[in-house]
Amino acid sequence: MLSNVEALFASTSSDSTVHIWEASFPSQTGGDFKLSLLQDISVGSRAMAALSLSELPGNAADWILAMGGLDNKVHLYVGDRNRKFQHVCELKGHQDWIRGLDFSIPTAGKEGKQIFVASSSQDRAIRIWKISCRSALCDNREEAKGMQSISLKAFIEGPQFKSGTSIWQVSLESLLVGHEDWVYSVKWQPPLKISIDDDSDHWVQPQSILSASMDKTMMIWRPESKTGIWVNEVTVGELSHSALGFYGGLWGPKGDSILAHGYGGSFHLWKNIGMSSEQWQPQLVPSGHSGAVVDLGWAKSNQFILSASHDQTTRIFAPWERKKDVDTEISWHEIARPQVHGHDINAITIIKGEGNHRYVSGADEKVARVFEAPLSFLQTLQYTAWGNLGKEVENKEDIQILGANMSALGLSQKPIYVHASKSVSTTSTVTEGGAEGMETFPDAVPIVLTEPPPEENLAWNTLWPESHKLYGHGNELFAMCCDHAGKIIATACKAQSANVAEIWLWQVGSWRVVGRLHSHALTVTEVKFSCDDRFLLSVSRDRHFSVFQLETNGNDDVKHKLIAKQEAHKRIIWACSWSTRSHMFATGSRDRTVKIWNVTENEERGTCVNQSSLLPQFSSSVTALSWSPQNDFREDILAVGMENGLIEIWKIEPVLRNLADDGGPFVSVKASRMLQLDVYLCHVATVHRLVWKETSKNDKAISINNSSSSAVLQLASCGADHTVRIFNVVLY
């Protein structure tokens, strides 16, 4: 900071340029923010990957800029806001690309004013450089010998440069070797404020450096009190196989906590909770997907939300009660990561009906995979805020699978049985039997969570076992759903022809194919069962929707009949949803329209589908629809999600009329927009899925300001902005 309202900073780019910027902040509320480019520095053909900017000691007007990158050198530039930064020297020593640079605050040493800069590299080493002030250049050997005898810390003399009237000497202070992979980040501990007397405070630079590496560890380095040699005093990190290392690390403001971020976008936090000695423990941090979230669903008992993403994982979020001072607050946390896959996951469906929690997922492969909740997860659910909602459907005595372990290829997840886990120590993860031993004694250690888990447990110890694989589709799976009785699964894959664009019906339990539905010519984008499971609705890229009538006989065989196929929209149909009170459904398309349709049954005319209403054109492509569950509100509620991230809530009121030709019933619709969610609450990219959950005023996780409301609904959404959002909708 140049002052309270002015700041100087630098930025680097892959175009081999470094820009120096000056930012002017408004001195009062409502003022203008100004950003101006002071200098454009060209660094040649090899780009800079790391920058650090600091004041030179003794003169607040002089600034020093360190940059390092693909040429394996640290380059020093000196300048100020009034004159250009000039290249003064380069520091050699690293054998690979430089990834991190950081200046300490200026200090006063035995040799006068000095400042340190730490550099980290892909050569797995960290170098600490000391920049100290000299009164004049060394003109003779005797003076050079005298300078060498001043301190052992300056045992390697580096280049000298001039700034203003001062001469500065650069020397290698220390070489830190300990990491086993690229060191991506290096940071000095934040300075501490020490009160000298009642009138003045003094800032002191702690001799402590934090480094983060791709070897999945962070290290804290400090010099020994007697020898002054820098050593690694603290090592923390994630040892699971699912992590690919740390891309960066930061200190907390007080120096008692450290934060790392990993390859998959995850945060890792440790806090020093020790009193007399250091004791760094993992802490709870926000977590979520690192890729577009494409599908989600509420559990059949409404205890949690399951989401799927192109980051190749499925994740479970649930509300958790946590004590804060004397009050109890409820917040949502990720409590499990059932599937960590090797392909992008495109669709999931939760199996309804009796029995254990199960779901089916489809990814960029031709196989659908069935997963079942292990015993450790069922026991963890009891500690969540809604843990009592599903006890009647959990028969834990029959479940002998404690958790799951990832296979070597990262595709299948093998079960860990209860009796097998008791036969080995929980601290033993791998035997000496090679690959065969790893199957018998897996690495994962499933545990019952009594509080929201940190990333270390989520990444490896909360997997669900895979129970079945469903083979049959010829391309990557794209859409799927389960009927309300939990007996039939419908799946569809990406398709370029009518032969491939068929919908497969699978029987839950036996997992045999009980139907193959042909209608569409291109990819089926979404499939949905009606509220009574009599009809199956599908929409496609071919701009058509299809309605199939399903009948199940006593042998659990499914008979299907195509009763309607219409070109409903002018462009791709992305979404569809059934009403929960009648055979009415909605379709949404890229043509920015939503149409309401009604299925009518007549003895003379048979079963037919008629358009009941056309909603006014929306501001963007419609990509998600969800009809509200049954509630005390007289009208139906339809949630509409769009490509621009916005979400609107519409009121749908059926009106019964008569057909002119045969006098049969015809349902038209009065539709009106109830509200548009605040743009700051909505997604910033495409809304991929909307799902309602019915709630009540007694739910502890919902806060209702107006007790006169007749119904409270929760709406879950997911989108291409990598987020899952939950909204409380109060109906009056």
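I started with an open sheet of 3 strands, ordered β1-β2-β3 and paired antiparallel. Strands here are DSSP runs of E with at least two residues, helices are runs of H or I with at least four residues, and both are numbered from the N terminus. Two strands count as paired if DSSP finds at least two bridges between them. At the edges I found β1 (6–12) and β3 (34–42), each of which pairs on one side only. Neighbouring strands in this sheet are turned by 20° against each other on average, direction ignored. For that angle, axes are lines fitted to C-alpha atoms (for helices over the stretch in contact), and angles run from 0 to 180 degrees between N-to-C directions.

**Note on the model.** This is a predicted model, so I kept local features to pLDDT of at least 70 and side-chain atom pairs to pLDDT 80 or more, while totals for chains, interfaces and linings use all residues. Residues are numbered from 1 along each chain as its sequence is written, and side-chain values use heavy atoms, with hydrogens and water left out.

**Entry 2, β1 up close.** I checked the pairing of β1 with β2 (residues 17–24): they run antiparallel and are joined by 7 bridges. T12 stands opposite V18 in β2. In the loop between β1 and β2 I came across S16. Its phi is near 65°, a positive value in a residue other than glycine. Most residues other than glycine have a negative phi, which is why I wrote this one down. Is S16 buried or exposed? S16 has a relative accessible area of 10%, so it counts as buried (buried is under 20%, exposed over 50%, partly exposed in between, with a 1.4 Å probe and protein chains only).

Which residues make the nonpolar surface patch of about 430 Å²? I get V5, F9, F25, F33 and L35. Patch residues have over 30% relative accessible area and no salt bridge; nonpolar side chains (Val, Leu, Ile, Met, Phe, Trp, Tyr) are joined within 5 Å, like charges within 9 Å. A salt bridge would be a side-chain nitrogen of Lys or Arg within 4 Å of a carboxyl oxygen of Asp or Glu. F9 belongs to strand β1, and its relative accessibility of 34% makes it partly exposed.

I looked at β5 (residues 63–69) next: 7 of its 7 residues are buried, so the rest of the structure largely encloses it. W63, L65, M67 and G69 point one way, I64, A66 and G68 the other way, and all are buried. Strand β4 (residues 48–55) runs antiparallel to β5 and is joined to it by 7 bridges, with S52 standing opposite A66. β5 also has 6 bridges to β6 (residues 74–79), again antiparallel, and there W63 has G79 as its bridge partner. The hairpin of β5 and β6 has 4 residues between the strands, among which N72 takes a positive phi near 70°.

I moved on to an open sheet of 4 strands with the order β28-β29-β30-β33 and antiparallel pairing. β28 (345–350) and β33 (466–471) stand at the edges with a single partner strand each, so one side of each has no neighbour in the sheet. β30 (residues 367–372) runs antiparallel to β33 with 5 bridges between them, and R369 stands opposite K469 in β33.

I see 5 bridges to β39 (residues 535–540) in the antiparallel sense, with K528 bridged to L537. The two strands form a hairpin with 5 residues between them, and D533 in the turn has a positive phi of about 65°.

Where does H722 lie? I found H722 in the loop between β51 (711–719) and β52 (724–731). Its phi is positive, about 75°, although it is not a glycine. With a relative accessible area of 34%, H722 is partly exposed.

I count 5 helices and 52 strands in the protein. Buried residues make up 52% of its 732 residues. Of the contacts (heavy atoms within 4.5 Å) with a separation of 6 or more, 52% come from residues 24 or more positions apart. The protein exposes about 33,900 Å², with 48% of it supplied by carbon and sulfur atoms; accessible areas are Shrake-Rupley with a 1.4 Å probe, and for residues only the protein chains shown count as cover.
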